[in-house]
Structures are given as structure tokens and as C-alpha cells.
Protein chains: 2
Amino acid sequence: MNEKLELLYEGKAKKIYSTAEEDKIIIYYKDDLTAFNGVKKSSIQNKGKLNNEISEILFKVLENHGIKTHFIRKINNREQLCQKLTIFKLEVIVRNVIAGSMAKNLGIPEGTIPPNVIYELCYKNDEYKDPLINEHHAVALNLATYKELDYIMNVALKINDILKIILDKESIRLVDFKIEFGKNELGEILLADEISPDTCRLWDKQTNERLDKDCFRRDLGSVEEAYLKILKRIK
Amino acid sequence: MNEKLELLYEGKAKKIYSTAEEDKIIIYYKDDLTAFNGVKKSSIQNKGKLNNEISEILFKVLENHGIKTHFIRKINNREQLCQKLTIFKLEVIVRNVIAGSMAKNLGIPEGTIPPNVIYELCYKNDEYKDPLINEHHAVALNLATYKELDYIMNVALKINDILKIILDKESIRLVDFKIEFGKNELGEILLADEISPDTCRLWDKQTNERLDKDCFRRDLGSVEEAYLKILKRIK
């Protein structure tokens, strides 16, 4: 029961396995970390374990607030049992504070707080470097329908509202995050992938200390320590 | 009366002059042509005259169909009298056929006809190479409000509907176009800038011959002849 069968897919930070049940997969969290579309690579001890646990906690929080996710349960230190979905080839990004690519590409100082919440879509495509697109491009590329995109945007903004409050209580500023969605056999759209310091920018509310993958991208200090700080605060 | 006073702004293809009336400007159409954010430059004999006349015709067509534009009247071969506007720092792009940057950036073959009309916003900013943005970025950058962006999108799609029909009658396929908008003292949002083969992709409906700036960008033949063909057809 709940044993890994066939390796279905290996990503940069996770492996996906089939199980005896056709509608379920096992997600294995690796220690590998990459940045800048795979140009910078490393392996961080315990990173997979930390992200598995952080992701579990945040998926449960979201489920408790009415967000449907693919998460079923944690199996062990490295593995989660999840619903098998057909993943939209979209990276959905929500930003509360300007940082990263948006700061760089539009010439806005990192840390600027915009008057609105920024919602972005990128085309999940390594060859074209996950380019920024809009909903019209997504429809033209046959990635989703306008109706699905509306639903996804609304859920993404709800997720932002929930996570912002939860993290703020632990003195963590939710700067931005990337999420993915997928559809199950019933046609339901569920939150997929992971929510972790690999996929969120998380700053200490008082010091602006980076407690996320930017520690790795920009060599700002121990990745393991930063991720462990996040886990301890939200646990 | 209607004489150029002070040079207010010199762009890549046009010069803008003040007039004795504060709410009016004179737009002078230059022969200069640039591509790839100014990297490729040339001067095409008569280009300014051709674009002045093509733009005049198309602005009049749009006015006749209820679109408010900055165009008042043509003064001479090179010059138009227009309303003075505060220009939104936005390039508004509408695409009926995939070509140019969208084909390149998303790996879609040029000439693909999408199931939907593609609407795009770019941030008019030479330093950052007029990057693609979405409406949330535009609001964060204080370029326009959500309400103004909605209005601009609706007008842009109406303009597309009108131009597509008009050009189709002359056996010209409206592949895509870039327009700009501005606001007058009354707060009205008007179509600004120009509509010409510098700012549209126009293909012969039968042969797909390029009758636009791609002749220059890609060295596909005489720019002057191509623009003259457009003028003769729509005249």
C-alpha cells in the first residue's frame, strides 16, 4: 500500500512515482536545488525533508481554509501521497512586495510595496525559459480556457490572503510565491506542486532577512538554516 | 495658425511640436526607421509622407466608426494637427495571427492563427526594452488604473474589429498592430500616435507578402514599395 511503483517524472527538486492506485502519486522531495533556469545547481542537505514538512503544513492550512489541494498525506520524511492531476503548463505567481524578476525587468527597487497585489502567469517551458505571458497567450497556447484561468486567479488570490495572514503571525513576510494547478479525472482544479521556501520569497518581518531560495540564488547564507527557521516558526 | 513652435519631443519616427494653441500639437512624420529597440537604423525616402497619409486615412476610418482619436487634420505631406494628450506609457498590441516577438518568445510558428484575439500590454520604456507586462504590473507602475486599462482594452479590440474588416476588403491581412493611448485635459482617453505599416503587420491576403516594417527588419525588399502598396489599396 502506498508504495512507489514507476518513476513518472523527475523534476529539478522532486520525483513523481506512480502507485498501485491509478489516481494517486507519490512525490519524493529531493535535496537538489537549481536557479536561473537550471544554470546554478547544488544539493542542500535535508532540503527535501524540510520542504516536505513545510509543504505538508501549508497544504493542511489551505485545506482547512477551503482550498482544494492535491495533498493527501505525508508518507515519510521525503514523500507525500497526492492526487494524480494533469498539470496546467502554467506557473502562477502572486506578489505582495516587488522582488526578483519583476524588480529586475521593470526597474523597480526590490522591497517596493505596490498599491495592488500582482498576479502573473508564466508558460512552464524550460526551452523558452518560462516566459511571462498573459491569459490571452495561455488560451492561444491551449494551456487553459479563459474560464479555467479566471478560476485559477481567484484561487491564487485566496491562497495569498490565507498564507499572508498565517505567515505574518510568525513574523514572516510573504513577498511572493509560485504555485501550480492541475485537474483531476472529475475535472476539478486543485492546487498542486509544493509550497515551500523553494517556491516562495519569505522575509523576516523585522530584519528582512531572506529565509528562502534567494539564500542560494544570491549566496546570502545557509539555505538549510533559513528553511529550518521557516519550519520552526510555522510548526 | 497651425505653425510649429517648439520641438517638444523627438521620437524614432516622429517629431512633436507645440502650436499657438495649448491643447494642440503638430506631429511631423520622419523618414527614419529603427528596429530591435533602435539597434537597426535607416532612413527610407518618402516613408514619412506615406505614413502620414496612411495614418490620416485610418484615423478617419476609425473616427467614422465611433473611435475617438487625437487626429484633427493633415496639414501637409509631413504634418498632422492633433490634440495634445498625456500619453500612457503603454504599448497596446493586438494580434490576429502569431508573428514577431510572440512567435519567437513562445515557440509558435509565424503565421499560426490562434483561436482567440491576443491582447498585450508592454511598458513603454527604452531602458528596459519595452517589456511585456500585464494589467497588474501597469497598475503597480502607476501607468494607468484598472478602469482605464479595461477601457483601453475594449477600445483596442473595437479598433481591431474595424481595421480587420476595412483592410480585408483591400486584400490585406491585419496580422497585428501596436497602438498608444493618451488622455486630454477633459480626462477623455483617445487613440494617439499613428497607425501605419511602421506599427502594424500587414500581409497580402493571397501571397502573405509582407507589406510592413518587417521588410526593413528582415530585409525582405523595398520598404517604400511595400508602404506605397498599402496606401494605394486603402486610398
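Two strands are taken to pair if DSSP finds at least two bridges between them, and helices (H or I, at least four residues) and strands (E, at least two) are DSSP runs numbered from the N terminus. The model shown is predicted: local features need pLDDT of at least 70, side-chain atom pairs count only at pLDDT 80 or more, and totals for chains, interfaces and linings use all residues. Residues are numbered from 1 along each chain as its sequence is written, chains are lettered from A and ligands numbered from 1 in the order in which they are written, and side-chain values use heavy atoms, with hydrogens and water left out.

**View 1. Strand β7 of chain A and its pairing partners β6 and β3.** Strand β6(A) (residues 71–74) runs antiparallel to β7(A), and 3 bridges join them. R73(A) has L81(A) of β7(A) as its bridge partner. Buried means under 20% relative accessible area, exposed over 50%, and partly exposed in between (1.4 Å probe, protein chains only).

**View 2. An open sheet of 3 strands in chain B.** The strand order is β8-β13-β14, with antiparallel pairing. Strands β8(B) (86–87) and β14(B) (189–191) form the edges, each pairing on one side only. Between β8(B) and β13(B) (residues 181–183) there are 2 bridges, and I87(B) has G182(B) as its bridge partner in β13(B). Helix α4(B) (residues 146–169) lies across β13(B) and β14(B), running at about 130 degrees to β13(B). Axes are lines fitted to C-alpha atoms, for helices over the stretch in contact (heavy atoms within 4.5 Å), and angles run from 0 to 180 degrees between N-to-C directions.

**View 3. The loop residue P109(A).** P109(A) lies between α2(A) (100–106) and β10(A) (118–123). With 56% relative accessibility, P109(A) counts as exposed. Its C-alpha atom is separated by 7.3 Å from that of I98(A), 11 residues apart along the chain.

**View 4. Superposition of chain A on chain B.** In chain A, the C-alpha nearest the axis is that of N134(A), at 3.2 Å. Superposition is by least squares on the C-alpha atoms of residues with pLDDT of at least 70 in both copies.
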